[in-house]
Amino acid sequence: MHDVTRQIGDRALDTPLQTWLNQELGADSPTYRQLKAACEQGVAEGWLCQREGGGIKYGRIFKPDDALHGFSVDVVDMNTLAGPHHAHPLGEIDLIMPLDDTATFDGRGAGWLVYGPGSAHSPTVAAGRALVLYLLPKGRIEFTQ
């Protein structure tokens, strides 16, 4: 994760970053394959996504840290459901890793999705199971009612 967050650095969380991530570290890249394999292994070994709520398995891998350029790293395991609505005060970067070929996250297949500062959503996995790794600047997330 250090290498990924180093490459992101202090770039704006916006569409150009999303495009760059998908071009350089997208679903066909060695980085994507390594991250997906590590997440699948962590889930299989039982140390990743240990917690569960509302049908979502989840877990924080790393708290925000200077070594990760201030990002926290979390992973969720979702199977055809919508999660709790929340806002991203500083933005959110998602790595979508479908476990079923048909699975999507917020309408997107394998790859990166970037939400800018002040954005909000109900994270939704449709048509199967997916792991989603997400990076939060300073670990900031605000759940809404």
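Numbering runs from 1 along each chain as its sequence is written, and side-chain values use heavy atoms, with hydrogens and water left out. Because this is a prediction, local features need pLDDT of at least 70 and side-chain atom pairs count only at pLDDT 80 or more, while totals for chains, interfaces and linings use all residues.

Let's take the overall fold. The protein chain has 3 helices and 10 strands, where helices are DSSP runs of H or I with at least four residues, strands are E runs of at least two, and both are numbered from the N terminus. Follow the sequence and you get α-α-α-β-β-β-β-β-β-β-β-β-β. The radius of gyration is 14 Å, close to the 15 Å that the globule rule gives for 145 residues, so the chain is as compact as a globular protein of that length. (That radius is taken over C-alpha atoms, and the rule is 2.2 Å times the number of residues to the power 0.38.) Along its principal axes, the C-alpha trace spans about 40 × 35 × 25 Å.

How much of the chain is buried? Buried residues come to 44% of the 145, with buried meaning under 20% relative accessible area, exposed over 50%, and partly exposed in between (1.4 Å probe, protein chains only). As for contacts, meaning heavy atoms within 4.5 Å, 70% of those with a separation of 6 or more are between residues 24 or more positions apart.

Now zoom in on H88, which sits in strand 4, residues 86-88. H88 counts as buried because its relative accessibility is 0%. Leaving aside residues up to four places away in sequence, H88 touches Y115, G116, P117, G118, S119, A120 and H121.

What about the cysteines? A disulfide is a covalent bond between the sulfur atoms of two cysteines. Here one is called when a pair of cysteine sulfur atoms lies within 2.5 Å, and by this rule the count is 0. C39 is in no disulfide, and its nearest cysteine sulfur, that of C49, is 7.5 Å away. Likewise, C49 is in no disulfide, with the sulfur of C39 as its nearest cysteine sulfur. Are these cysteines buried or exposed? C39 counts as buried because its relative accessibility is 3%, and C49 counts as buried at 7%.
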